[in-house]
Amino acid sequence: MNLKPTQKAVLKVLYENKDKWVGSYELNKLCKKYGVASNHVENAVKFFMRNDLVYPPTIEGEIKISPCGIEVYLNN
């Protein structure tokens, strides 16, 4: 799977935090250090959900990288 640079950065952040559920505010904050704008983070998360790279969001809207997402991250 070919990912855009911003998608790779967001997936990297999710991989670095693979042991916890991350909300949108925290994810945006963590992605800022890679220079990813919040609207790009939102688009990347939507792409990841469509492709099962993250678990479905919790009731609070938090997401977590899935085993498929980890595999894609490690192969990119």
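**View 1. Serine 66 and its contacts.** Setting aside neighbours within four places in sequence, serine 66 is in contact (heavy atoms within 4.5 Å) with Asp52, Leu53, Val54 and Tyr55. Serine 66 is located in the loop between α3 and α4; helices are DSSP runs (H or I, at least four residues) numbered from the N terminus. With a relative accessibility of 5%, serine 66 counts as buried, a term for under 20% relative accessible area, whereas exposed means over 50% and partly exposed lies in between (1.4 Å probe, protein chains only).

The model is predicted: local features need pLDDT of at least 70, side-chain atom pairs count only at pLDDT 80 or more, and totals for chains, interfaces and linings use all residues. Residues are numbered from 1 along each chain as its sequence is written, and side-chain values use heavy atoms, without hydrogens and water.

**View 2. Aspartate 52.** Aspartate 52 also belongs to the loop between α3 and α4. Its relative accessibility is 51%, so aspartate 52 counts as exposed. The phi angle of aspartate 52 is near 55°, a positive value in a residue other than glycine.

**View 3. Glycine 61.** Glycine 61 is found in the loop between α3 and α4 (67-74). This glycine is partly exposed, at 36% relative accessible area.

**View 4. Leucine 27 in the nonpolar core.** Leaving aside neighbours within four places in sequence, leucine 27 is in contact with Val10, Val13, Leu14, Val22, Val41, Val45 and Ile63. Leu27 is among the residues that touch the most other members of the largest nonpolar core, which has 20 residues.

Terms used:
A nonpolar core is a set of buried Ala, Val, Leu, Ile, Met, Phe, Trp, Tyr and Cys residues joined through side-chain atoms within 4.5 Å. Helices (H or I, at least four residues) and strands (E, at least two) are DSSP runs, numbered from the N terminus.
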